[in-house]
Amino acid sequence: MYYTSTHIFNANRGGGTHSRQTVIVLIALARYIGAMGIKQVRALTTTLPSVTWIPLARAHAERADQMTAGHRARRSTGEKHAIEDFLYDYYGTRPALMRRWHPGVGAGLSPAPDGLAEHAGWKFYLSYPDGIVTLDQDAFMHARAESVRYIHGLLTATASRPVFSGCFGLHEWAMVYRDSAHRHELPLRLGQAGTNEVVEQHTIRCTHFDAFRFFTPEAVGLNRLQPTRATQIDLDQPGCLHAAMDVHKWAQKLGPAVPGALALDCFALAGEIRLLDMQASPYDLASYGHPPVKIETPEGKAEYVARQRELARRAAGLRSRLIRVCEALLGPDAAAQNREAVAPFNQR
């Protein structure tokens, strides 16, 4: 297989400076099936000049370092953080990878003054004879096509549903129900007996498998739904805090296909969601300086729902952008087929 590239230059010459926007039409040629033909026509790709992408990459690394500074400092001393560690332990977030800036699918990088963009040495990137470096979509999809289809289908189905805001974060309460062994070394605001009472006085309606699977055995039967991994595409809904946090998970799974700014936006939102998740939990966060959201009271429920809906609104925007990344990887025909395949799950 080889590629040809056609460049269309838009030059603006003045004061001895030159700027250009390069649009590359990548045409993949190969595979004889009786006769040689076009295998795939790539979408138009805007190539960023080094004066544009180098500052973007530098600013991205600085932002990522700021976002992960607390975790990195604690890691060096072995200190635990009941709120923030979740983003690293559960999601497997690696600060070193977070600071790597990617232009995203459909974008190329012009050579830097000292040579090719460093991305040329990274996994799933390819370089062209003219020095342009871009995501190797064929290699990426060869390795991750199944994941891309699954993520696209799950996010599409989730986005099709209305926000449900009647769960009040009771999943965290169900994780400690009638159990003296807790996941965090923090006191319970209401004690064990008071926590049990809150669970028993409410209807538990958790839709997210990755929250439900941590319910205590005594709490499992109290949930109106019994989600499994197989039914996740059928049950995930955009109001769920964990489904919203998962935009970070899916951004990581899509890796270099996701533009750097989108990846960090997903991580930042996941951090805000995690804070509400814990504030509304039965744990006492006084040692961290965070007040509780007392979902056992009408006022606490109202606060929780208001914040939940705002976070869901923001997550919807990020989810939509991730869907577009998936569709750029899949191509219009495969994306349409995938949408059709998950259509029976929509609006459930």
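Is Trp 101 buried or exposed, and what is its relative accessible area? Trp 101 is buried, at a relative accessible area of 9% (buried: under 20% relative accessible area, 1.4 Å probe, protein chains only). The model is predicted, with local features requiring pLDDT of at least 70, side-chain atom pairs counting only at pLDDT 80 or more, and totals for chains, interfaces and linings using all residues. Residues are numbered from 1 along each chain as its sequence is written, and side-chain values use heavy atoms, without hydrogens and water.

**View 1. The aromatic pair of Trp 53 and Trp 101.** A search of the whole structure finds nine aromatic pairs (ring centres of Phe, Tyr or the six-membered ring of Trp within 6.5 Å; stacked under 30 degrees between planes, edge-to-face over 60, the rest tilted). Trp 53 and Trp 101 are stacked, with 6.5 Å centre to centre and 0° between the planes. This pair joins helix H1 (residues 50-77) to the loop between helix H3 (95-98) and strand S7 (107-109), 48 residues apart (DSSP runs: helices H or I, at least four residues; strands E, at least two; numbered from the N terminus). Trp 53 is buried as well, at 5%.

**View 2. The aromatic pair of Tyr 88 and Phe 267.** Tyr 88 belongs to helix H2 (residues 85-89) and Phe 267 to helix H11 (residues 260-279), 179 residues apart. Both residues are buried.

**View 3. Charges over the rings of Phe 164 and Phe 168.** The charged end of Arg 205 sits 4.5 Å from the ring centre of Phe 164 (NZ of Lys or CZ of Arg within 6 Å of the ring centre and within 35 degrees of the ring normal). Lys 301 lies over the face of Phe 168, 5.4 Å from the ring centre.

Note on methods: Buried means under 20% relative accessible area, exposed over 50%, partly exposed in between (1.4 Å probe, protein chains only).
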